[in-house]
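I have a new structure open and want to get my bearings. These are my notes, in the order I looked things up.

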Amino acid sequence: MTKILLLSDTHGYIDDNILKYVKQADEVWHAGDIGSLKVTDAIKALKPLKGVYGNIDDAKVRVEFPEHNRFMCEDVEVWITHIGGYPPKYNVRVAEAIKQNPPRLFICGHSHILKVMPDKKLNLIHMNPGAVGKHGFHKTRTMLRFTIEGKKIENLEVIEFPVRHPKE
C-alpha cells in the first residue's frame, strides 16, 4: 500500500502544517504552479516527490519538472498535468491523448477548485486537489490524501486549512 499526499498551486508557499502531512505520506505528488523550488526542496527533504510545472512556474521549475508526468503507482497508471480540464470537457492539450490512452487516475491543478469525479466513459478517476497556497481567489486551502493498493484507489480524504489569510 502506498500513501499519497496530493497537492497543487502552492505558488511558492510551504509551511509546517503542510509538511506535517508530507511526513505522513509515502509519496507526495504536486500538480503544478509550484512557484518556487524552495517548496519542492522542502518536500523532497522528507519524502519522494513527483510533480509537474504549471503556468506560473519559471524556467528553474520547468527544468526540474515536466509538463506531463505519466507513471505507474503499484498497478494504477497515473497522469499528472497542471491544466487538464474535467470529464468530459478536457483541455485541448490533453483531450485527444486521454481519449486514445486513458490513465486510471488523471490529476490536474490550475482551477484552485477541489474536485474528484469519475469519467465513466473512459473508466478513470479525475482528481484536482484545489490549492494549498495562499495566492488566488480560493478561501479554503486544500490537499488530498489517499492510498493505492494494487489496482485500488482508496481512503480518500480532503485536508482543509479553513482560513486562507489568518488576519482576515
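Predicted model: local features only at pLDDT ≥ 70, side-chain atom pairs only at ≥ 80, totals over all residues.

**Cysteines.** I started with Cys-73 and looked for a sulfur it could bond to. The closest cysteine sulfur is in Cys-108, 18 Å away, which is too far for a bond. A disulfide would need the two sulfurs within 2.5 Å.

**Helix α1.** Next I went to α1, which covers residues 16–24. Which of its residues are buried? I found Ile-18, Leu-19, Tyr-21 and Val-22. They cover an arc of only 160° around the axis, so they sit on the same side of α1. That made me recall the general rule: an α-helix has 3.6 residues a turn, so residues three or four places apart point the same way.

I then turned to the other side of α1, where Asp-16 and Lys-23 are exposed. At the N-terminal end I found a cap: a side-chain oxygen of Asp-15 lies 3.0 Å from the backbone nitrogen of Asn-17.

What do the buried residues of α1 pack against? I listed β1 (2–7), β2 (27–30), α2 (37–44), β11 (141–149) and β12 (152–161).

**Cores.** From there I looked up the largest nonpolar core, which has 21 residues. The members touching the most other members are Leu-5, Leu-7, Ile-18, Val-28, Ile-43 and Met-143. β1, α1, α2 and β12 each supply at least two residues of this core, and the largest share, 4 residues, comes from α1. In general, nonpolar side chains tend to be buried together in soluble globular proteins.

Leaving aside neighbours within four places in sequence, Val-28 is in contact with Leu-5, Leu-7, Val-22, Ile-43, Lys-47, Pro-48, Leu-49 and Lys-50. Apart from this core lies another, of 17 residues, including Trp-29, Val-76, Ile-80 and Met-127.

**Record check.** Last, I checked UniProt. Its unreviewed entry places "domain: Calcineurin-like phosphoesterase" at residues 3–150. In the model, the end C-alpha atoms of residues 3–150 lie 12 Å apart. I also noted that this span is 20% helix and 35% strand.

Key. Residues numbered from 1 in each chain as written. Heavy atoms only, no water. Buried < 20%, exposed > 50% of the residue type's maximum accessible area, 1.4 Å probe, protein only. Arc of directions from axis to C-beta. Contact = heavy atoms within 4.5 Å. Polar contact = N/O pair within 3.5 Å; in protein donor to acceptor, adjacent residues only side chain to side chain. UniProt positions renumbered as here; feature names shortened; annotations may be inferred. Core = buried A, V, L, I, M, F, W, Y, C linked by side-chain atoms within 4.5 Å.
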